[in-house]
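I opened my notebook to get to know a new structure. Here is what I looked up, entry by entry.

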Amino acid sequence: MSQRENMIAAEQTSNDACVDGTMNGWFSEISDEMWPGQAMSLKMTEVLYKGKSDFQDVMVFQSQSYGKVLILDGVIQCTERDEFSYQEMIAHLPLCSIHDPPKKVLVVGGGDGGVLREIIRHPTVEHLDIAEIDGKVIEVSKMFFPGMSCGFDDPRVHVNVCDGIKFVGDAPEGSYDAIIVDSSDPVGPASVLFEKPFFEKIHRALKPGGVLTTQGECIWLHAELIKDVLEMCKGIFVGGSVQYGYCSIPTYPSGQIGFVMCSKPTAAGKTVDFSKPVRLPPVAPANTKLPPLRYYNSAIHEAASVLPEFARAAVEPYVVKGTGP
């Protein structure tokens, strides 16, 4: 059998969290904890993979309308049709806002490779670490999602299958220009990525003027959680900036996902204004398989921080706007 056939045959074990969401050829994303009373459903045409890693249930299926879909513990992580909006925004909002061109970047999570794919568009990046706790996610992504996992092919990328919190904590102080936390929702193995000790470790690992962007949940569903995270960041990134933005993505809960963005002050006291890009959108390097950008541009960058009134009122007390260059 081929590698793919061997992998599937070996891993067709109990997959309760994913199977519970399937019925009559449909997958429904159900969570009484994170989005009670609602569910996103996709028509399945074929289940391509079901298995369990050491940390979570993993499933891949072919959908009728959104291409292949990656599911972790019953939650949609990405689809081929719309993944680019999230991946492009979580990467380029910080990297096009930071004052000095980024050279050393860390991704925590992000095992599908999509955020890596976006970061390698930036020619100034010399060293790119990824710390992903679940090697099975990387393996499955390389098997079924080549359009995202191509991010692993760049020689600047250094893969670390490990506890991301420990990796950040072990990093020398002032190691990174940018840290991007591509986490799943704050349940299960990702819950600790929303807690204060982790953000304190990130602050320590960033250089002066360095930036953090982390997945910031949905303002329609998680306003209280978002406020708690912003308030926590405001207390950690003292003298820096703390801002919130969002993008639209059809297959995430309520069709929207946010980003918490923070910066440390430079030696001169300058902070990053994440609502104002300071460099143009990156162009895919020549002789690569990278597609052109499909969501991010300078206008959408500025618009990402323009919130509807209910959301603005909720987050504004915790926002600290940057000074800009």
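This is a predicted model: local features need pLDDT of at least 70, side-chain atom pairs count only at pLDDT 80 or more; totals for chains, interfaces and linings use all residues.

I looked up the mean positions of the 28 positive and 41 negative charges of the chain, and they lie 6 Å apart.

Next I turned to the overall form. I checked the radius of gyration, which is 19 Å for the 325 residues; a compact globule of that length would have one near 20 Å, so the two agree. Along the principal axes, the C-alpha atoms fill a box of roughly 60 × 45 × 35 Å.

Then I looked at secondary structure, and I found eleven helices and 13 strands in the chain.

How much of the chain is buried? I read 54% of the 325 residues as buried. For the surface, I noted an accessible area of about 13400 Å², with 53% of it belonging to carbon and sulfur atoms.

I also looked at contacts between residues at least 6 apart in sequence, and 71% of them join residues at least 24 apart.

I then followed β12 to its neighbour in the pairing, strand β13 (residues 256-263): eight bridges join the two, and they run antiparallel. One pair I wrote down by name is serine 248, whose bridge partner in β13 is glutamine 256.

Notes: Residues are numbered from 1 along each chain as its sequence is written. Side-chain values use heavy atoms; hydrogens and water are left out. Helices (H or I, at least four residues) and strands (E, at least two) are DSSP runs, numbered from the N terminus. The radius of gyration is taken over C-alpha atoms; the globule rule is 2.2 Å times the number of residues to the power 0.38. Buried means under 20% relative accessible area, exposed over 50%, partly exposed in between (1.4 Å probe, protein chains only). Contact means heavy atoms within 4.5 Å. Accessible areas come from the Shrake-Rupley method with a 1.4 Å probe; for residues, only the protein chains shown count as cover. Lys and Arg count as positive and Asp and Glu as negative; His and the chain ends are not counted. The place of a charge is taken as NZ of Lys, CZ of Arg, CG of Asp or CD of Glu. Two strands pair if DSSP finds at least two bridges between them.
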